[in-house]
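My notes follow the order in which I looked.

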Amino acid sequence: MNELAIHFYQEHGVDLYQDKLEIAICAQHNNGGLAVDHHWQTNVKGFFAVGEVAGTHGVTRPGGSALNAGQVGSTRAAEYIAHDKNISTGRMNDSMKNACRERAEQVIQLLAGANHGTKSLSEAWKEATRRMSQCGGMIRNKEEVKKALDETEYVLINYLQYVSVTNISQASLFYHLYDTLLAQKVYLTSMYDYLMRKGGSRGSALYTSSTGKKAGRKDAGFVYM
Ligand SMILES: Cc1cc2nc3c(=O)[nH]c(=O)nc-3n(C[C@H](O)[C@H](O)[C@H](O)COP(=O)(O)OP(=O)(O)OC[C@H]3O[C@@H](n4cnc5c(N)ncnc54)[C@H](O)[C@@H]3O)c2cc1C
């Protein structure tokens with residue numbers, strides 16, 4: 001630990017020479033999933049992805065590269081858009097327009113039937129975030145990831161029977177939860193796929209298995225795939 005940090009803690013009542021440091025763990029990166037080219041354009045023409053959603057900073061990177069990748073990516077995408085007449089004038093091809101219209105209609109339709117669910121929005125929200133923290137956090141195993149994926153898919157398919165909004169002020173949260181569940185499905189699917197390909201513990205998570213062999217002392221008691 002560098003000296004500045006030692007002083008910083010000292011000023012906040014923690015003497016690193018004497019005291020144990022209380023720590024907490026959080027997810028620092030998402031590392032994307034959308035492939036982009038050197039203009040940060042995805043394989044859907046006119047659709048750009050910058051930041052964590054693209055994850056061009058990569059899994060192993062020098063510290064600080066994520067923010068830089070976001071800034072560089074945004075600038076490159078903006079420059080490209082400014083020079084591409086089709087994109088900068090906002091022209092969409094017909095198939096894109098139709099896809100957007102169809103989706104917008106489906107989304108509006110969703111709210112129309114949003115008062116028949118059995119759970120309140122806040123209850124469903126807590127359940128979704130608790131499930132993701134438990135199964136998709138930094139310690140994961142195949143059975144729990146699969147169970148969480150099945151449950152998430154079930155809620156998405158039965159969203160209208162599951163969640164209820166009581167007044168229009170909850171509309172944005174109703175959509176936000178739906179979006180969150182979709183994102184959870186994407187990430188759980190990716191985690192499960194990784195597990196099915198015999199992926200094991202690495203930088204972002206520890207994968208445990210009830211049938212795996214016990215790790216040695218160095219591995220702090222975790223059981224690996
Ligand atoms: C604790 C921590 C420390 C970090 N330290 C560093 C560091 O030292 N150096 C470094 O380079 N990087 C660091 N990072 C990573 C860096 O912060 C991220 O890579 C960067 O902020 C990602 O930018 P982004 O715009 O892609 O995503 P975000 O900054 O996450 O922005 C996404 C935005 O979208 C909003 N949003 C999400 N869903 C919806 C929705 N459905 N509708 C509307 N809005 C929505 C969110 O509220 C958020 O404002 C750190 C990250 C964390 C968590």
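The entries below go from domains to ligand, then to pocket and cavity.

**Domains.** I noted before starting that this is a predicted model. I looked up how the protein chain is divided, and found domain 1 (3-83) and domain 2 (114-224). I then looked up the distance between their centres, taken over C-alpha atoms, which is 23 Å.

**Ligand.** Which residues surround the ligand? I listed Cys-26, Ala-27, Gln-28, His-29, Gly-51, Glu-52, Gly-64, Ser-65, Ala-66, Leu-67 and Asp-179. Sorted by class, this shell has 4 nonpolar, 5 polar and 2 charged residues. Helix α2 (residues 65-83) gives the most to the shell, with 3 residues.

I went on to the oxygen atoms of the ligand. For Glu-52, the side chain has an N or O atom 2.5 Å from a ligand oxygen. For Leu-67, the atom I noted is a backbone N or O, and it lies 2.8 Å from an oxygen of the ligand. For Ala-66, a backbone N or O atom is 3.3 Å from a ligand oxygen. I also looked up how much of the ligand is covered: taken alone it exposes 1000 Å², and the protein buries 38% of that.

**Largest pocket.** I recorded a volume of about 1200 Å³ for the largest pocket. Its lining has 32 residues, and those nearest the centre are His-29, Asn-30, Asn-31, Arg-140 and Tyr-187. Which element gives the most to the lining of the largest pocket? It is α8, with 7 residues. By class I wrote down 15 nonpolar, 14 polar and 3 charged residues for the pocket lining. Domain 1 and domain 2 each supply at least three residues to it.

**Cavity.** How many cavities of 30 Å³ or more are there? The count comes to 1. About 40 Å³ of space lies in the largest cavity. Its lining consists of Ala-124, Glu-127, Ala-128, Arg-131, Val-155, Tyr-162, Val-163, Leu-177 and Leu-181. The elements that give two or more residues here are α5 and α8. The largest share of the cavity lining, 4 residues, comes from α5. By class, I noted 7 nonpolar, no polar and 2 charged residues in the lining of the largest cavity.

Methods:
Residues numbered from 1 in each chain as written. Predicted model: local features only at pLDDT ≥ 70, side-chain atom pairs only at ≥ 80, totals over all residues. Heavy atoms only, no water. Near = heavy atom within 4 Å. Polar contact = N/O pair within 3.5 Å; in protein donor to acceptor, adjacent residues only side chain to side chain. Areas by Shrake-Rupley, 256 points an atom, 1.4 Å probe, with all protein chains shown as cover. Nonpolar A, V, L, I, M, F, W, Y, C, P; charged D, E, K, R; others polar. 1 Å grid on protein atoms, 1.4 Å probe; cavity = no way out; pocket = protein on both sides within 12 Å on 5 of 7 lines; lining within 4 Å. Points joined across faces, edges and corners; volume = space filled by probe spheres on them. Domains from an automatic or database assignment.
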